[in-house]
Each structure stands twice: as C-alpha cells, then as structure tokens.
Amino acid sequence: METPAAGSAEMPRQFPKLNISEVDEQVRLLAEKVFAKVLREEDSKDALSLFTVPEDCPIGQKEAKERELQKELAEQKSVETAKRKKSFKMIRSQSLSLQMPTQQDWKGPPTSSPVMSPTTPVFPGATSQPTPAPYAMPEFQRVTISGDYCAGITVEDYEQAAKSLAKALMIREKYARLAYHRFPRTTARYLGHRRGDTVPPEEGLPDFHPPPLPQEDPYCLDNAPPNLGYLVRMRGGILFVYDNKKMLERQEPHSLPYPDLETYTVDMSHILALITDGPTKTYCHRRLNFLESKFSLHEMLNEMSEFKELKSNPHRDFYNVRKVDTHIHAAACMNQKHLLRFIKHTYQTEPDRTVAEKRGRKITLRQVFDSLHMDPYDLTVDSLDVHAGRQTFHRFDKFNSKYNPVGASELRDLYLKTENYLGGEYFARMVKEVARELEESKYQYSEPRLSIYGRSPEEWPNLARWFIQHKVYSPNMRWIIQVPRIYDIFRAKKLLPSFGKMLENIFLPLFEATINPQDHQELHLFLKYVTGFDSVDDESKHSDHMFSDKSPSPDVWTSEQNPPYSYYLYYMYANIMVLNNLRRERGLSTFLFRPHCGEAGSITHLVSAFLTADNISHGLLLKKEALMEEYAIAAQVWKLSTCDLCEIARNSVLQSGLSHQEKQKFLGQNYYKEGPEGNDIRKTNVAQIRMAFRYETLCNELSFLSDAMKSEEITALTQ
C-alpha cells in the first residue's frame, strides 16, 4: 500500500524558461560548428579512435604551449591581473584554512588512538563550520599541494574554466531536480544552493517502492488508489495532463513542470560550446591527470592502513557485502551453460508440446528443432554461440545477433521473449531460476532490462500480465524498461504513422495507470517493481540531423529516417519528467532515466545524457558470468584491492533502484550523506580512510569552482 512520498505536499515546480533574447547567439553558432566537426570526424573514425589522443589535445602541442607561455608572461606584467591574483590567493587561503582538519574537530570514542577528522567543506554563504559528526576516522597521510593554486594556467583561463564548469553543473542540477533524479548534495552546496542538514533524505530524490514484507503477497491487486479523472493528451511529443474536459478545451494543463524545448536546446548548446573551450579543456585535462596521480600516491601511502582498518572489521568481508549488477539484459541474465541446459531439458521432457503456431498450423517443440535441422543433444556452448567476444567490440550488429541461440531467431522467440505462443513461459522459468540463485547467495542483486518497443499500447499490459501470471517477482531483482531506438524499422513496415505515436504507445499507458490504477491494476502492480528506463540500440548509427528547437515535432516526424540519439533522449526525458511529478503527487514510486551512452557514436550523445540521465550504466559483455566472478576477473585485470572491490560494490547499491529502506539496511542509516559520515564500515567494508580521501578530494576540486565565483563577486563589488 502506497504512502504519501516525502515532499508530496510541496508547491508544484515549474520548468524555468530562459529569456532567449539574453542568450548570446554565438553559443548557438558555436554549437552548430561543433556538431558539424563531429559529423566529419565520424566519417573517418575507426575502432581504436577511443584510445587515441585527439589532435587538438591541449597538452603536448608545441604551438599551444608557446601560446600559453606568451599569455602567462603578458599576464605577469598586468597590474589588473596582479590584483585579481592577490584576491584569489586571499580567498583560497581562507578556504584552505577552514578545510584543513584539526584535532579539535574530532569527536571520537575516549579510548580511540590519535586521529584526524576529514576535511570540513566550506559552503558558499556559510557563516561557520558545521559540527563534525562522531564517526571513527583513523589517521592517514594526506597529499597536499602548496603554492599557486592555478599553477600551469593563467588566472583568466582558470577563472573562465571554473565558471564554465560551474554553469554546466548548475544546468545538470536543474534537469535532475525537475525529474526527481539524484544530484550530489555537496556539489549543490558548493554551487551556492545550500540545503539544511535537517532536510529528509527522500526529499527531491527518486522514490522507489519498498519490497513487500515476508507475510505480504507481492502480487496483491488490492488497495489501488482511486481514479483522479484526469485527461491526458499528447502535444508536440509530450503528454499533458488536464484536470477535466473543460480545462482540456481551454488548453490549461494540470500544474506540473512541463519541458520547454527552446530552453533545453539553449542549455545543450552551452554544453557543446564548453567542449571546444580551450581554457576549460586545458584545466580539466591537467586536473584529471593530477587526480589520477594523487590517488596513486594515496594508495602508496595508505594501502596498508586501509587494509588494517578492514581486518579490524568483524564479520564483514567482500563476499558478504551487498552488490548489484546494474546493467544486465533479462534475455542475457542466465549464463550460456544455463541456457543450454534449459533448452536440452525442455526438449527431453516435453518434445511434443505445442510451442508455436504458423499460418494456422500448430508446431511442436520437436518440429521446431527439426525445421532447424538440429538435435539439441548435439548442442554445445560453442555451437550455441551466445557469448560476446572480441569480435563484437564496437560491432552492435554482431553483439545483437548473440541473442539468437545457434543463430536462430525461432529459438530466441521461443526461449527469450515474453510474448509468444506460450505467453513467455520458458523465459519466465529461466529468469526465476536465476532469481533463486540470487536469493540463495543473499548478497547479490540485479536489475534486468525488459523491452517495450512502442509498436502498440498493449505491450505494457501484456508485460505486466506476464510478470504476474508467471510470478516472476524476486526480492533480489528490480526491473528496468529498455526502449530500443528502432522507429525506422517500424515505420518502414507501416507499423507506426509517426514517431509521436511511438512515444504515445510507450508513455500513455503509464499515465493512465497512474491516474486510474483501479482500471489498470496489473500494470499498477508491475510498476511498483520497475525503477527506471533505458534507451538502447547501436550508437554508431550515423545521423546528420542536429537536434534543435527547429527540429520537426514527433507528431510530424513521419519519414522513415530514424531520429538522432539526442532527439530520442529529450523526448524520453521530457515524458519521464512529467510522469514522475504526477506520480510523486499521488505518492507513487518514480523512475530514473538510465540510458546506454558512450559505447560509440557522437560526443553529442554524452552531452544529451549529461543533461537528461540520472546515470549511465552499460557494458559490452553478454557472457554474464556470475557477478562474483566478474568482480574476481576485474580484480585480476586491474589489480584491485579488497577495499577497491568493496567500494565498487557500495557504489553499485547507491546507483541502483533499491529502495531507501533497503539501502539503509545494506549500507547504513546515513548512506545518503557523502563522505565518511555516510559510510558504515560494519555493513560496507569500505575503509573510512578511503571515504575521507574521496570526500576531501571532491570538496577540494569544488572549492576551486566556488572560489572563482566568489572572486567574481568581489571584483564586481570593488569596481
């Protein structure tokens, strides 16, 4: 039974629209140039281009270094620059003096050994330091850099880069807040958006439905909320909610934050322009190199101290900390041996069962294999050929073919689909076998992805019926819906009249189940266990269309050309944003947007995901070994320590769609707080030394941005 979510009584939030007349038109033009350059690069890109240093890399170019040197020499002679540099140093010294840990800040147990507290961040507008939290923090060696805070770049470049990065973070925060996605609290505070420590952790965050209690029925259809009687209509690819027919006629939608395309495209242009900004590229490149070296030094100095901390932690080790496989396709959740064993078992026990129907003729399982000229007894793991190896790297076509056992789409439809003659029974049985293995392991969880294509609005009720009929629920699984970007295929087959219809088929059933759960009880129940959406397909598909406010609306996108990646992401995000606000208003669970991104394709993919996604989570492996084996292999390949593995496991739980209550149980009561204060080593087995290092490093990098903003304010006041 749902309870009102925290913050559900908040005032309705509105999408902030920019005054476009105040926006520099040069940003748009620069973004168009960036896009044109990306298109040219795509034509000549090869499979190894991701691992090559770009020609315009600001480090290593003799000409670039000479220009920087000349610029710095000129800067040293500038009186104005000297004043600004002095101002920066004053701000920086105050910031560092407040951040340096002191013995007096520490409040630990009386019997503890000498310790040091973690860095206490100083937030913009703060008048005093927050009271240190009473958590155990062993002493460790810190790496500090003294001297000029912006060594290697000029003051002007530092100021420009810092302000640009701060603006990018503010833009991302805006879209995260509107969709009830997560945004780091520490980062928000450094950006000047200070929120009190007394704010409940649930406020402004996604609301995931807690698992049913042991005595509760996970398939109970009772207690559905009443019908609100709202009406929903799609306009410009986005679903609008109206209180009643009268408000619909007057085109006055229900008070929810609806997206504004023009504002979004301007924000996207700013991020695209940032990519080509020389000072920002130089600053980021050098800071990232420094941070990598800093972590290496931290490991060298504190590895044994971290290990000692873990050894003194009773009961807990890597094998009994919670870990979540945050990227796994349901059709690949079983390993290849499991799939092979299941195929052979069904053939041996029910060969004469009718499993398909073609042109009115019923077909048995034996006849399916006879038509493929194969005997399941002769099948092997190698002949099954569902392992994604080196040949599938950057080859989505080959990767996708691995979902066809023995290369036969008939077997994929029979064993790995939810909609077929058997109602997806074989697929459900395999998924439940995997779920039982997870439950027996106790500490492993997964988030399998199920597909909704948008061909028909009936896909949703059919999927919910499959879930309930075959009783697929597991406390160790949460579900993510993946939407393949294959509109062009459906349009070519005359299955859809427009891209807008595809969006309507994907999202309208969700709005209807949210507004009137009593008439959509099965879908309402299934959505309790769905935590997010994914956008999937071959990212390397070429598209020469630059998404902007001048792009055709989804309602009139009727050509057989597939919309670009950024077009898909915006309209998926826009509808998820409206839906989340409506569900939050009703006290129902919300959804995250977690698209595939970065496998291949244009840099604009990353820009779109930076604005719209809560996080991106994907990989290239289809083999799916057991989760523990994947950690073991990673430890060998990348020489990861026990603390590294436990830190990755903790992050997987944080990133996942597990509920607030589950995360408190698995990670600690204060898991939502950043730094050592949010880490309970008794549950996570992550050293407090490691957590302190991460937090202090983050605060130090953010302080560079906030110091630049403070300097700008001081300069404005003194002029």
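Modeller: The open sheet is built from five strands, which follow one another in the order β3-β6-β7-β8-β9 with parallel pairing. Strands here are DSSP runs of E with at least two residues, helices are runs of H or I with at least four residues, and both are numbered from the N terminus. Two strands pair if DSSP finds at least two bridges between them. At the edges lie β3 (323-329) and β9 (592-593), each of which pairs on one side only. Between β3 and strand β6 (residues 444-451) there are five bridges in the parallel sense; V324 has Y445 of β6 as its bridge partner.

The model is predicted, and for this reason local features need pLDDT of at least 70 and side-chain atom pairs count only at pLDDT 80 or more, whereas totals for chains, interfaces and linings use all residues. Residues are numbered from 1 along each chain as its sequence is written, and side-chain values use heavy atoms, with hydrogens and water left out.

K323 lies over the face of F318, 4.9 Å from the ring centre. Such a contact requires NZ of Lys or CZ of Arg within 6 Å of the ring centre and within 35 degrees of the ring normal. R235 is placed over the face of F240 in this way, at 4.0 Å from the ring centre.

Rings of Phe, Tyr and Trp (its six-membered ring) pair if their centres lie within 6.5 Å; planes under 30 degrees apart count as stacked, over 60 as edge-to-face and the rest as tilted. The ring centres of Y347 and F369 are 5.3 Å apart and their planes stand at 75°, so this pair is edge-to-face. Because Y347 belongs to helix α9 (residues 336-349) and F369 to helix α10 (residues 365-371), the pair ties together parts that are 22 residues apart in sequence. Both Y347 and F369 are buried, where buried means under 20% relative accessible area, exposed over 50%, and partly exposed in between (1.4 Å probe, protein chains only). One aromatic cluster includes Y175, Y264, W557 and Y573.

E32 and L272 are 240 residues apart in sequence, while their C-alpha atoms are 8.6 Å apart in space.
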